[in-house]
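Thank you for making time this morning. I would like to walk you through one structure, slowly enough that someone new to it can follow along on the screen.

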Amino acid sequence: MKKKELEKLIIKIINDEELKDLKGYEWDSLAHLSILMELEKIYPDKITSIDGIAEMNNYVKLEKAMISKKLLFND
């Protein structure tokens, strides 16, 4: 997945089309669950196996984890 695709997915889930920068944004637990569920559909059994994924409630943490697992790439 490309970074832009992940950003679009998150913005769609948090339902804030005007949000342009996810770097400092922290989402709530319902949005977090929705994000993880969508990512799990794309990458079956790879998202839930990431250590600490349940606490990654912002883009920077999630981005780093997905890059380390080779699930996220630069555009």
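What you see is a predicted model, in which local features need pLDDT of at least 70 and side-chain atom pairs count only at pLDDT 80 or more, while totals for chains, interfaces and linings use all residues. Residues are numbered from 1 along each chain as its sequence is written, and side-chain values use heavy atoms, with hydrogens and water left out.

Let me start with the core. A nonpolar core here is a set of buried Ala, Val, Leu, Ile, Met, Phe, Trp, Tyr and Cys residues joined through side-chain atoms within 4.5 Å, where buried means under 20% relative accessible area, exposed means over 50%, and partly exposed lies in between, with a 1.4 Å probe and protein chains only. The largest such core has 24 residues, and those that touch the most other members are L6, I10, W27, L39, I47, L62 and M66. Two or more residues are given to this core by each of α1 (3-14), α2 (29-42) and α3 (59-68); the helices are DSSP runs of H or I with at least four residues, numbered from the N terminus. The largest share, five residues, comes from α1. As general background, nonpolar side chains in soluble globular proteins tend to be buried together.

For opposite charge, Lys and Arg count as positive and Asp and Glu as negative, with His and the chain ends not counted, and a salt bridge is a side-chain nitrogen of Lys or Arg within 4 Å of a carboxyl oxygen of Asp or Glu. What the side chain of E40 does reach is the backbone nitrogen of D45, at 2.4 Å.

Now please look at α3, where Y59, L62, E63, A65 and M66 are buried. These buried residues fall within an arc of 165° when seen down the helix axis, so they line one face of α3; the arc is that of the directions from the helix axis to the C-beta atoms. The buried residues of α3 pack against α1 and α2, whereas K64 and S68, on the other side of the helix, are exposed. The N-terminal end of α3 is capped by N58, which has a side-chain oxygen 3.1 Å from the backbone nitrogen of V60. Just after α3, K70 takes a positive phi of about 60°.

How many salt bridges does a search of the whole structure find? It finds four. In one of them E63 pairs with K3, the closest N and O atoms being 3.3 Å apart, and this pair links distant parts of the chain, with E63 in helix α3 and K3 in helix α1, 60 residues apart. E63 counts as buried, at 10% relative accessibility, and K3, K23 and E63 are linked in a network of salt bridges.

Two further salt bridges each sit within a helix. E7 and K4 meet at 3.9 Å, N to O, and both lie in α1, three residues apart, about one turn of the helix. E38 and K41 meet at 3.1 Å, N to O, and both lie in α2, again three residues apart. K4 is partly exposed, with a relative accessible area of 46%, as is E38 at 28%, while K41 is exposed at 59%.

L72, in the segment after α3, is buried, with a relative accessible area of 3%, and L72 touches M1, K2, K3, L6, E63, M66 and I67, not counting residues up to four places away in sequence.

Technical notes
A polar contact is a pair of N or O atoms within 3.5 Å; within protein, one must be able to donate a hydrogen and the other to accept it, and residues adjacent in sequence count only if both atoms are side-chain atoms. Contact means heavy atoms within 4.5 Å.
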